[in-house]
Amino acid sequence: MEFKLKHKDQNARVCEIKTAHSSFLTPIFMPVGTLGAVKSLDAKDLLDLLDAKIILANTYHLYLRPTSKVIKNFGGLHYFSGFNKSFLTDSGGFQAFSLSKNSKHCEEGIEFKSHIDGSRHFFTPKSVLDTQYDFNSDIMMILDDLVALPANLKRIQLSVDRTIKWAKESINYHKLQQKNGIGIHQNIFGIVQGGTNYEERKRCALALNEMEFDGLAIGGLSVGEENKLMYETVENLTPFMDENRPRYLMGVGTPEDLVENIERGVDMFDCVMPTRNARNGTFFTTFGKFNIKKMEFINDHTPIDEKCSCYTCKNYSRGYLNHLFKSKELTFFRLASLHNLHYYLTLVKDIQKAILSNSFSKFKKEFYSLRDVRC
């Protein structure tokens, strides 16, 4: 990976990242393609209509089905899916934790039962990397010990201890594999844990800074805590994260979350929110969000957002989308997902421009002035 910090406007940053498959500027939002596909969209939609440079796929789900060996047989995720830009794959630890009622964390890794057939599996720092080597993803996330919030100090300290331990195992194993010709063009990110505890977040970040990770992520947030507490945790943490590596806030979030955390020095984001909300009829717009199922939109000839240039807004009305949604027409999922993802991707591009022109503060004020409700 090539990483270059191009410009800062206070703590907000524009950086350039080059992987084996694409080059892009940050701040960046990564559409979530859990199973190697962004729900209701195909690779052509992502490449031609959205100009997505990087998407996220889920190690847990792809490990279980179709399995990493099947994907490796196809030449990796890029050939398997038809998306030829960058892939980031998470470790699967969060899903093993959240989807299995009987998951168990121990010093060696995470034991869990498949949500598909109940079969038992065990993730270790090495095994999740082996799976991601088969995927040939551009950025691989390490296994970390996620703790549900709220949690007591003892459990948070144990989480950080394990996360640091697993991080050392992961980076050492990755460097050894690269010497053996495996994963040469793949990059590896460490994950900072610590709940919302200042000292534990700091301890974890400083420990990971000493390791040869290509980037650092912030995990364990946006899991039910108040937004104010999330922002405070990020603001306190980023000064302890190496400035010369990408900073990735995992699983976040709303448009407001992006703006607030970019202001605090975060570069990369992912979240299912734009596509999940789209499928439920909720659109994100310049003026806030709304749900298309309301009666008031039946005879509405206007696009979702008159300031938007996405494929859906250029071709279809709110009235037509209201009809598709109420008719349970599958076409709705594609058109709604295209709009919401276009909104998110355009938002971060506009923020890039604002940072480069030293006008991020002005951008933020205008962003909020147009919202129906400040979240």
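## Close-up views of a predicted model

At 41% relative accessibility, Asp161 counts as partly exposed, and the legends that follow start from this residue in a structure that is a predicted model.

**View 1. Arg203 takes part in salt bridges with Asp161 and with Glu200.** The side chains of Asp161 and Arg203 meet with a nitrogen-to-oxygen distance of 2.9 Å. This pair links distant parts of the chain, since Asp161 belongs to helix α7 (residues 153-179) and Arg203 to helix α8 (residues 198-209), 42 residues apart. Arg203 also forms a salt bridge with Glu200, and here the closest N and O atoms are 2.6 Å apart. Both Arg203 and Glu200 lie in helix α8, where three residues, about one turn of the helix, separate them. Arg203 is partly exposed, with a relative accessible area of 31%, whereas Glu200 is buried, with a relative accessible area of 7%.

**View 2. A salt bridge joins Asp51 and Lys349.** The closest N and O atoms of this pair are 3.7 Å apart. Asp51 sits in the loop between α1 (43-49) and β5 (54-57), while Lys349 is in helix α14 (residues 331-356), so the pair ties together parts that are 298 residues apart in sequence. Asp51 is partly exposed at 35% relative accessibility, and Lys349 is likewise partly exposed, with a relative accessible area of 37%. The structure holds 23 salt bridges; elsewhere, Glu235, Glu260, Glu263, Arg264 and Lys364 are linked in a network of them.

**View 3. Strands β1, β2 and β3 form an open sheet with antiparallel pairing.** The order of the three strands is β1-β2-β3, and the edge strands, β1 (2-9) and β3 (23-26), each pair on one side only. From one strand to the next, the twist averages 15°. Strand β2 (residues 12-18) is joined to β3 by four bridges, with the two strands running antiparallel, and Lys18 has Ser23 in β3 as its bridge partner.

**View 4. A hairpin joins β15 to β16, with Asn280 in the loop between α11 and β15.** Strand β15 (residues 282-285) and strand β16 (residues 288-291) pair in the antiparallel sense over four bridges, and the hairpin passes through two residues. Thr282 stands opposite Asn291 in β16. When neighbours within four places in sequence are left aside, Asn280 is in contact with Asn291 and Phe325. Asn280 and Gln10, by contrast, are 270 residues apart in sequence and 37 Å apart in space, C-alpha to C-alpha.

**View 5. Helix α6 (residues 125-135) is mostly covered.** Eight of the 11 residues of this helix are buried, among them Pro125, Val128, Leu129, Tyr133 and Phe135. The buried residues also include Thr131, Gln132 and Asp134. Just after α6, Asn136 takes a positive phi of about 60°.

**View 6. Val70, Phe74 and Phe80 form a nonpolar patch on the surface.** Together these residues have about 240 Å² of accessible area. Val70 is found in helix α3 (residues 68-73) and is partly exposed, with a relative accessible area of 31%. Val70 can belong to the patch because patches are made of residues with over 30% relative accessible area, and the value for Val70 is 31%.

Terms used:
Residues numbered from 1 in each chain as written. Predicted model: local features only at pLDDT ≥ 70, side-chain atom pairs only at ≥ 80, totals over all residues. Heavy atoms only, no water. Patch = residues over 30% accessible without salt bridge, like charges linked within 9 Å, V, L, I, M, F, W, Y side chains within 5 Å. Areas by Shrake-Rupley, 256 points an atom, 1.4 Å probe, with all protein chains shown as cover. Salt bridge = Lys/Arg side-chain N within 4 Å of Asp/Glu carboxyl O. Buried < 20%, exposed > 50% of the residue type's maximum accessible area, 1.4 Å probe, protein only. Pairing = 2+ DSSP bridges. Axes fitted to C-alpha atoms, helices over the stretch in contact; angles between N-to-C directions. Contact = heavy atoms within 4.5 Å.
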